[in-house]
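Please find below my notes on the chain you sent. They are set out as numbered points, to be read beside the structure.

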Amino acid sequence: METWVDFLPKERFVRDIEGKPCLVSVILPTYKEAKNLREIVKRIFRSLNDNGLKGECIIVDDDSGDGTESVCGELERECNLRLIVRKGERGLSTAVIRGLREAGGDILVVMDADLSHPPEKIPEMVRLVEDGAEFVLGSRYVEGGEIEEDWGFYRKLNSKVATMLAYFLTNLKDPMSGFFCIPRRTLEACKELSPIGYKIALEIIVKSGSKKVAEVPIYFSRRMHGESKMNLKEQLLYIQHLGRLYRFRYMGKIQFLSFILVGFSGFLIDTTFYFLVQYLLGLGHLIARAISFFIAASWNWYWNRVFTFMQAGSPRYISQWASFLGMSLISFLFNWGTYYLLTTNVVYFDVHKYSAFVAGVIVGTGSNFAFSKYIVFRVRHGLDGAM
Ligand code: GDD
Ligand code: MN
């Protein structure tokens with residue numbers, strides 16, 4: 001699959017540094033990285049300065065208690081750096097979100113603090129954003145990308161499986177990467193961010209709906225000091241996170257399909273009872289029509305409640321059922337009204353009445369879906385809301 005970077009012009013323009021004070025905010029989440037900080041911060045600012053970029057560095061530390069504060073105290077005097085210490089809170093993704101919120105730049109960069117991600121790549125990533133990219137990823141799995149460490153079989157397999165599981169969420173080659181650069185508008189395009197675990201880049205790609213994405217190859221170095229905080233718990237959280245992202249991305253389609261299937265089964269129920277009531281109970285066809293509609297609409301309500309709109313999770317049985325029946329009746333009026341208007345006003349539909357019948361069914365189904373989604377089964381409490 002082609003990514004957007006394939007369509008970029010081959011020659012890069014040379015940026016006019018003067019009179020263009022674009023600020024780059026580099027966010028570093030840290031947990032027990034005191035020993036790496038001096039080196040990474042130095043390399044970040046050297047890389048920015050060498051390319052005429054103004055920048056700030058934001059360190060979000062989860063109260064590591066390893067001397068991070070005193071190192072940052074020294075660094076703050078030398079460069080444009082800010083330390084945020086979160087007390088009683090742990091988590092890579094939430095730390096990154098906090099940093100993004102506090103950042104003042106037009107262009108936002110997130111990277112690991114353990115020197116695995118090369119700061120020398122930042123200017124190239126910034127340039128792609130300036131060229132219009134909505135999301136630029138530092139990637140190990142594109143041509144030119146590499147991993148220094150000789151990862152064991154388990155970690156390699158792990159990384160590959162994790163990447164494959166995200167296949168239908170993005171066409172990026174390394175969506176597990178924690179090194180990325182975005183314009184502020186990409187962040188603003190995310191209505192809410194609620195990542196769990198490590199995969200903040202994936203969260204932002206999916207939630208922002210970024211289409212213009214680019215990958216820059218990186219050399220992923222062995223971490224300098226200390227050890228990785230990745231563990232089994234993080235991997236389980238990742239599965240949970242994936243579930244949420246898939247639901248977010250495909251919910252609309254799944255819901256509509258389910259509504260149509262339920263509606264079709266309801267149509268079969270409607271037909272069955274229409275005949276049963278007449279031939280078994282001996283009632284007239286008009287009353288049979290009303291009874292079968294009532295039964296079929298109740299059937300639809302029940303299955304939409306337990307299936308199509310299960311996340312609405314409302315305990316109100318009777319009022320929800322009554323509201324669904326009411327909305328179904330209104331939708332039927334739309335259905336009938338469409339049929340009436342088309343056949344009386346448009347010659348074509350007067351001649352081809354069944355076309356008007358189908359048009360009515362489409363209008364009625366559409367309105368019933370909208371009523372169900374936004375009124376009858378409206379979600380009252382959002383589950384997410386970290387941002
Ligand atoms: N504030 C904060 N809180 N920072 C954290 C936390 C936390 O709970 N956990 C980890 N970090 C910081 C680390 O200090 C480091 O700067 C960065 O997040 C990455 O953590 P590592 O522990 O070095 O992760 P890794 O090397 O196993 O994972 C790397 O590769 C993954 C893909 O294989 C990272 O780049 C991940 O983002 C990436 O998904
Ligand atoms: Mn690391």
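Which residue of β4 is the bridge partner of valine 24?

1. The bridge partner of valine 24 in β4 is isoleucine 107. Please keep in mind that this is a predicted model. The bridge belongs to the pairing of β1 with β4, which runs in the parallel sense over 4 bridges.

2. Isoleucine 107 also stands opposite proline 183 in β7. Here the pairing is antiparallel: β4 and β7 (residues 180–183) are joined over 4 bridges. In general, the strands of a sheet pair through backbone hydrogen bonds, either parallel or antiparallel.

3. β4 is covered on both faces. Ile107 and Val109 are buried on one side, and Leu108 and Val110 are buried on the other. As a rule, side chains in a regular strand alternate between the two faces of the sheet.

4. The sheet as a whole is open and has 7 strands with mixed pairing, in the order β3-β2-β1-β4-β7-β5-β8. β3 (81–85) and β8 (213–217) are the edge strands; each has a single partner, so one side of each lacks a neighbour in the sheet. On average, neighbouring strands are turned by 20 degrees against each other, direction ignored.

5. β1 pairs with β2 as well, in the parallel sense and over 8 bridges. Within this pairing, threonine 30 has aspartate 61 of β2 as its bridge partner. Helix α3 packs on the sheet and touches β1, β2, β3 and β4 (107–110). The direction of α3 makes about 155 degrees with that of β1.

6. Ligand 1 is surrounded by 24 residues, and the closest are Ala95, Ala113, Gly178, Ser228 and Met230. At least two residues of this shell come from each of β1 (23–30), β2 (54–61) and α3 (92–102). By class, the shell holds 9 nonpolar, 7 polar and 8 charged residues.

7. Two loop residues deserve a look at their backbone angles. Lysine 32, in the loop between β1 and α1 (34–50), has a positive phi of about 55 degrees although it is not a glycine. Leucine 115, in the loop between β4 and α4 (122–130), also has a positive phi, near 75 degrees, and is likewise a residue other than glycine. Lysine 32 has 19 other C-beta atoms within 10 Å and is therefore partly exposed. Leucine 115 counts as partly exposed because it has 19 C-beta neighbours inside 10 Å.

8. The domain assignment divides the chain into domain 1 (4–230) and domain 2 (251–384). Their centres, taken over C-alpha atoms, are separated by 49 Å.

9. Which residues of helix α9 (residues 285–308) are buried? They are Ser292, Ala296, Ala297, Asn300, Trp301, Asn304, Arg305 and Thr308. The cover over these buried residues includes α8 (232–281), α10 (317–345) and α12 (353–376).

10. Is tyrosine 374 buried or exposed? Tyrosine 374, which lies in helix α12, counts as exposed because it has 10 C-beta neighbours inside 10 Å; the cut-off for an exposed residue is 12 or fewer. Its C-alpha atom is 53 Å from that of serine 70, a residue 304 positions away along the chain.

Definitions and conventions: Residues numbered from 1 in each chain as written. Chains lettered and ligands numbered in written order. Predicted model: local features only at pLDDT ≥ 70, side-chain atom pairs only at ≥ 80, totals over all residues. Buried ≥ 20, exposed ≤ 12 C-beta atoms within 10 Å, placed from the backbone. Contact = placed C-beta atoms within 7 Å. Near = placed C-beta within 6 Å. Nonpolar A, V, L, I, M, F, W, Y, C, P; charged D, E, K, R; others polar. Pairing = 2+ DSSP bridges. Axes fitted to C-alpha atoms, helices over the stretch in contact; angles between N-to-C directions. Domains from an automatic or database assignment.
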